[in-house]
Amino acid sequence: MLAFTLTFVSICALIAVLFVIYRIQKSTDDADKIVALDILLAAALILCIVAALTIDNTVLLDVAIGLSLIGFIGTVGWSAVIQRKNDAQTLSEKEKTHDA
């Protein structure tokens with residue numbers, strides 16, 4: 001039963017990866033791409049955990065923890081970049097309306 005569950009979870013994670021790749025290619029919004037990359041990271045974490053359970057080795061759990069930390073820091077960093085970009089666009093739009 002565990003083998004079936006691990007296989008099912010792996011297939012679902014791989015399907016999620018395919019949807020994420022499609023979303024990254026078709027999206028024009030930066031925030032959508034960041035969310036898609038975050039979901040891609042979650043799928044990678046799931047695959048690391050499934051692999052750790054399959055081979056009965058906890059080393060891959062350490063990799064999953066490291067990936068989650070890097071993903072969190074990356075998401076916070078990219079969200080700050082997007083926020084600055086949006087603030088700069090809003091400021092330039094206010095200057096245009098103020099000058100007119």
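Reply: Start with what counts as a contact: heavy atoms within 4.5 Å. The model here is predicted. With that cut-off, what covers the buried residues of helix H1 includes helix H2.

Me: Which residues of H1 are buried?

Reply: Buried means under 20% relative accessible area. In H1 the buried residues are Leu6, Ser10, Ala13, Val17 and Val20.

Me: Why would residues spaced like that point the same way?

Reply: An α-helix has 3.6 residues a turn, so residues three or four places apart point the same way. As for the helix itself, H1 has 25 residues. From its first C-alpha to its last it reaches 36 Å, close to the 36 Å expected at 1.5 Å a residue.

Me: Take one residue from that list. What does serine 10 touch?

Reply: Serine 10 lies in helix H1 and is buried, with a relative accessible area of 16%. Not counting residues up to four places away in sequence, serine 10 touches Leu47 and Val50. The side chain of serine 10 also has a polar atom 2.8 Å from the backbone oxygen of leucine 6.

Me: Where is serine 27?

Reply: Serine 27 is in the loop between helix H1 (2-26) and helix H2 (30-55).

Me: Is serine 27 buried or exposed?

Reply: Serine 27 counts as buried because its relative accessibility is 6%, and the limit for buried is under 20%. A polar atom of the serine 27 side chain lies 3.2 Å from the backbone oxygen of aspartate 29. Leaving aside neighbours within four places in sequence, serine 27 is in contact with Asp32 and Lys33.

Me: Next, aromatic rings. How many aromatic pairs does a search of the whole structure find?

Reply: The idea is to compare ring centres and ring planes. The search of the whole structure finds 1 aromatic pair. Phenylalanine 4 and phenylalanine 8 form that pair, which is stacked, at 6.4 Å centre to centre and 20° between the planes. Planes under 30 degrees apart count as stacked.

Me: Where do phenylalanine 4 and phenylalanine 8 lie?

Reply: Both are in helix H1, 4 residues apart, about one turn of the helix. Phenylalanine 4 is exposed, with a relative accessible area of 57%, while phenylalanine 8 is partly exposed at 48%.

Me: How many disulfides does the structure hold?

Reply: A disulfide is a covalent bond between the sulfur atoms of two cysteines. The structure holds 0 disulfides. For cysteine 12, the closest cysteine sulfur is in cysteine 48, and because that sulfur is 17 Å away, it is too far for a bond. Cysteine 48 is likewise in no disulfide.

Me: What does leucine 67 touch?

Reply: Leucine 67 is found in helix H3. Not counting residues up to four places away in sequence, leucine 67 touches Leu41, Ala44, Leu45 and Cys48. Leucine 67 and leucine 45 are 22 residues apart in sequence and 7.0 Å apart in space, C-alpha to C-alpha. Leucine 67 is partly exposed, with a relative accessible area of 26%.

Me: How should I read leucine 61, and what does leucine 61 touch?

Reply: Leucine 61 lies in helix H3 (residues 59-99). Beyond residues up to four places away in sequence, leucine 61 touches Ile49 and Ala52. At 34% relative accessibility, leucine 61 counts as partly exposed. The C-alpha atoms of leucine 61 and lysine 96 are 35 residues apart along the chain and separated by 52 Å.

Me: Last, the database record. Which residues does the annotation "transmembrane region" cover?

Reply: Keep what a record says apart from what the coordinates give. The UniProt annotation, from an unreviewed entry, covers residues 6-22, 34-53 and 59-82. In the model, residues 6-22 are 100% helix and 0% strand, with end C-alpha atoms 25 Å apart. Residues 59-82 are 100% helix and 0% strand, and their end C-alpha atoms are 35 Å apart.

Note on methods:
Residues are numbered from 1 along each chain as its sequence is written. This is a predicted model: local features need pLDDT of at least 70, side-chain atom pairs count only at pLDDT 80 or more; totals for chains, interfaces and linings use all residues. Side-chain values use heavy atoms; hydrogens and water are left out. UniProt positions are given in the numbering used here, feature names are shortened, and annotations may be inferred rather than shown by experiment. Helices (H or I, at least four residues) and strands (E, at least two) are DSSP runs, numbered from the N terminus. Buried means under 20% relative accessible area, exposed over 50%, partly exposed in between (1.4 Å probe, protein chains only). A polar contact is a pair of N or O atoms within 3.5 Å; within protein, one must be able to donate a hydrogen and the other to accept it, and residues adjacent in sequence count only if both atoms are side-chain atoms. A disulfide is a pair of cysteine sulfur atoms within 2.5 Å. The expected span of a helix is 1.5 Å times one less than its number of residues. Rings of Phe, Tyr and Trp (its six-membered ring) pair if their centres lie within 6.5 Å; planes under 30 degrees apart count as stacked, over 60 as edge-to-face and the rest as tilted.
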